[in-house]
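Visitor: I am new to reading structures. Could you walk me through one?

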Amino acid sequence: MSMYSRIAATGSALPETRVTNAELATRLAARGVETNDEWIRTRTGIEARRFCDPEKGETTTSLAARAGAQALERAGFDPATIDLIIVATTTPDMVFPSTAAHVQSMLGCAGCAAFDVQAVCAGFIYALNAADAMLRAGPYRRALVIGAETMSRVIDFDDRSTCVLFGDGAGAVALEASDAPGILAARMYADGRYDENVLGLTACLSGGAVKGSPFLNMDGRMVFKLAVEGLTGSAEEVAKLAGVSPSEVKLFVPHQANLRIMTMVARKLGIPDDVMVKTVSEHGNTSAASVPLALDAAVTAGRVKDGDLVLLQAVGAGMAWGSAILRWRTAP
């Protein structure tokens with residue numbers, strides 16, 4: 001039995017269509033919704049986002065499979081050796097089978113365990129935590145953890161407060177059991193008192209019809225407050241469990257929802273701004289794909305080296321949140 005799991009490689013996938021703030025503002029103006037690049041940038045840090053085009057075959061599943069395949073290739077893992085696939089998504093292409101089952105088929109990993117996790121923007125942290133625990137406990141040795149979303153499908157483009165925030169994409173990590181410390185500590189939290197009235201999407205299928213609202217709604221001020229509190233507290237707890245200080249972090253990968261939230265949490269934790277990954281300007285909020293997309297961007301840019309302390313964290317509807325802290329290992 002191995003005591004740890006480690007990230008062997010990362011991967012990502014983005015839709016082809018890039019939509020700038022100016023382009024989005026033009027689209028919204030045709031609907032009678034007023035906004036502009038400056039308004040969006042100063043409040044969120046977002047400059048552009050990617051939207052899927054279903055006519056090009058871009059779906060949650062296709063993005064997840066692309067990101068997963070890239071992670072497996074970079075790790076040098078034969079798909080047949082994967083024991084576990086977990087996909088975090090709140091925008092699956094269908095109710096069932098799971099996105100993970102479809103990804104398994106597309107990647108040629110038949111026979112392994114495969115399931116989805118639904119914790120919205122916190123989904124990847126939840127999925128990573130679950131995979132880490134299963135690899136530590138055995139008999140699983142290799143896992144693929146993916147965050148994939150097509151948030152453009154559930155945006156109300158008549159609601160300026162939310163439609164400028166979200167984008168589509170997928171990120172993945174290939175994990176393997178390791179005797180050397182990799183993921184040092186990970187924790188998940190939720191508080192259901194902050195329900196769909198704070199952040200939610202109430203639609204469901206019933207009797208052949210969609211019941212509830214098919215668009216997400218958000219109380220921005222409350223989400224901001226809860227996000228800062230939850231992310232700061234969870235980071236402090238995993239750092240304590242790992243026996244390190246947040247100030248020792250060499251790569252900080254927060255949920256890419258809002259630059260002001262990210263900056264405030266980093267300041268409270270004593271983490272220098274130059275170690276924080278910032279992809280929100282190009283990706284927007286990609287929900288469960290946010291953290292793995294940002295991590296892959298940092299890895300491919302050469303921003304992390306063997307032995308570096310890395311902090312990952314996210315917060316989403318539920319409210320759900322969590323953090324994971326790890327030592328980056330280039331070999332088991």
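Guide: Take C204 to begin: C204 is partly exposed, at 40% relative accessible area. Buried means under 20%, exposed over 50%, and partly exposed in between, with a 1.4 Å probe and protein chains only. This is a predicted model: local features need pLDDT of at least 70, side-chain atom pairs count only at pLDDT 80 or more, and totals for chains, interfaces and linings use all residues. Residues are numbered from 1 along each chain as its sequence is written, and side-chain values use heavy atoms, leaving out hydrogens and water.

Visitor: Is C121 buried or exposed?

Guide: C121 counts as buried, with 6% relative accessibility. Across the protein chain, 53% of the 332 residues count as buried.

Visitor: How many disulfides does the structure hold?

Guide: A disulfide is a covalent bond between the sulfur atoms of two cysteines. The test here is a pair of cysteine sulfur atoms within 2.5 Å. The structure holds zero. For C121, the nearest cysteine sulfur belongs to C163, 16 Å away.

Visitor: How many helices and strands does the protein chain have?

Guide: Both are DSSP runs, numbered from the N terminus: helices are H or I with at least four residues, strands are E with at least two. The protein chain has 10 helices and 15 strands. Its radius of gyration is 19 Å, close to the 20 Å from the globule rule for 332 residues, so the chain is as compact as a globular protein of that length. That radius is taken over C-alpha atoms, and the rule is 2.2 Å times the number of residues to the power 0.38.
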